[in-house]
Amino acid sequence: MDIQKINKLDLTRGLVFCYLACKRLFPNYVYFSEHYAYGEPQKLEAAMDFIYREMLHEEPDEERLHYLDKQVKLQMPNLRSQQNIYAELAYLAATLIRYTLNMMKEKDTGYTINAMVLAFDSISVFVNHRDQNKWDLYSIEDEELTVKESNLQAGIVDYLLLRDEIDLEDVDLLSQMQSYNRKGLLDEQLELVAATA
């Protein structure tokens, strides 16, 4: 992914980029919650709904934002007591939602890069578990999931930079585009790993 292009995204476009990344990582949290009876995914979903409704407004409801951030924080697994790949993926998903809420609060476009990194971190966690840590920082760039994510991110950024103004129709279109070929960031591969464990 071209970091220079991501850095061209203004606050609104950056929030759209982060929101879409949240949508991609969220199924990983749901998977963890369903299989380990932990957390309440609907609280993360409520935060994402808030981001969707408020990201195009200059001044989001700060009281509601603060409340939702606290709720998401309470749903984050403790990685010291939950030592498994699914907990780590859930943690990354929740972290990304909190970053996006903080981006709205602080009006800091730097969180866009964080979103990009967390999406790739999720893939790294998954493929290293699946393939028993055979990947390093450089070779993972060639992994199929990494290539898919990179192409998806590039397409989203290109679209956002081409549009003069962004509205919810654009967000919905991009959301449909990213969900067209897959249910979530890791497709059905988490189930495949669980089945062979």
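User: Where is lysine 107 found, and what is its phi near?

Analyst: Start with the general idea: most residues other than glycine have a negative phi. Here, lysine 107 is found in the loop between α5 and α6, and its phi is near 55°, a positive value in a residue other than glycine. Helices here are DSSP runs of H or I with at least four residues, and strands are runs of E with at least two, numbered from the N terminus. Keep in mind that this is a predicted model, where local features need pLDDT of at least 70, side-chain atom pairs count only at pLDDT 80 or more, and totals for chains, interfaces and linings use all residues. Residues are numbered from 1 along each chain as its sequence is written, and side-chain values use heavy atoms, with hydrogens and water left out.

User: Is lysine 107 buried, partly exposed or exposed?

Analyst: Buried means under 20% relative accessible area, exposed means over 50%, and partly exposed is in between (1.4 Å probe, protein chains only). Lysine 107 has a relative accessible area of 37%, so it is partly exposed. Alanine 37 also has a positive phi, about 50°, although it is not a glycine. Its place is in the loop between α2 and α3, and at 75% relative accessibility alanine 37 counts as exposed.

User: How do I check the length of a helix, say α5?

Analyst: Take 1.5 Å times one less than the number of residues as the expected span. With 22 residues, α5 reaches 31 Å from its first C-alpha to its last, close to the expected 32 Å. Of those 22 residues, 16 are buried, so α5 is largely enclosed by the rest of the structure. At its start, a side-chain oxygen of asparagine 84 reaches to within 3.0 Å of the backbone nitrogen of tyrosine 86.

User: Which residues of α8 are buried?

Analyst: An α-helix has 3.6 residues a turn, so residues three or four places apart point the same way. In α8, the buried ones are Asp170, Val171, Leu174, Ser175 and Gln178. Seen down the axis, they fall within an arc of 135° (taken from the directions from the helix axis to the C-beta atoms), so they line one face of α8. On the other side of α8, Glu169 and Gln176 are exposed. The cover over the buried face includes α2 (11-36), α3 (41-54) and α7 (144-162).

User: What is aspartate 170 in contact with?

Analyst: Contact means heavy atoms within 4.5 Å. Leaving aside neighbours within four places in sequence, aspartate 170 is in contact with Tyr159, Arg163 and Glu165. At 3% relative accessibility, aspartate 170 counts as buried.

User: Which residues touch the most other members of the largest nonpolar core?

Analyst: A nonpolar core is a set of buried Ala, Val, Leu, Ile, Met, Phe, Trp, Tyr and Cys residues joined through side-chain atoms within 4.5 Å. The largest one here has 58 residues, and Val16, Phe17, Met55, Ile97, Leu101 and Leu160 touch the most other members. Its largest share, 14 residues, comes from α2. Not counting residues up to four places away in sequence, valine 16 touches Met55, Leu160, Ile166, Val171 and Leu174.

User: And how many helices and strands are there in the chain?

Analyst: Nine helices and zero strands. Buried residues make up 48% of the chain's 197 residues. Among contacts between residues at least 6 apart in sequence, 74% join residues at least 24 apart.

Terms used: A polar contact is a pair of N or O atoms within 3.5 Å; within protein, one must be able to donate a hydrogen and the other to accept it, and residues adjacent in sequence count only if both atoms are side-chain atoms.
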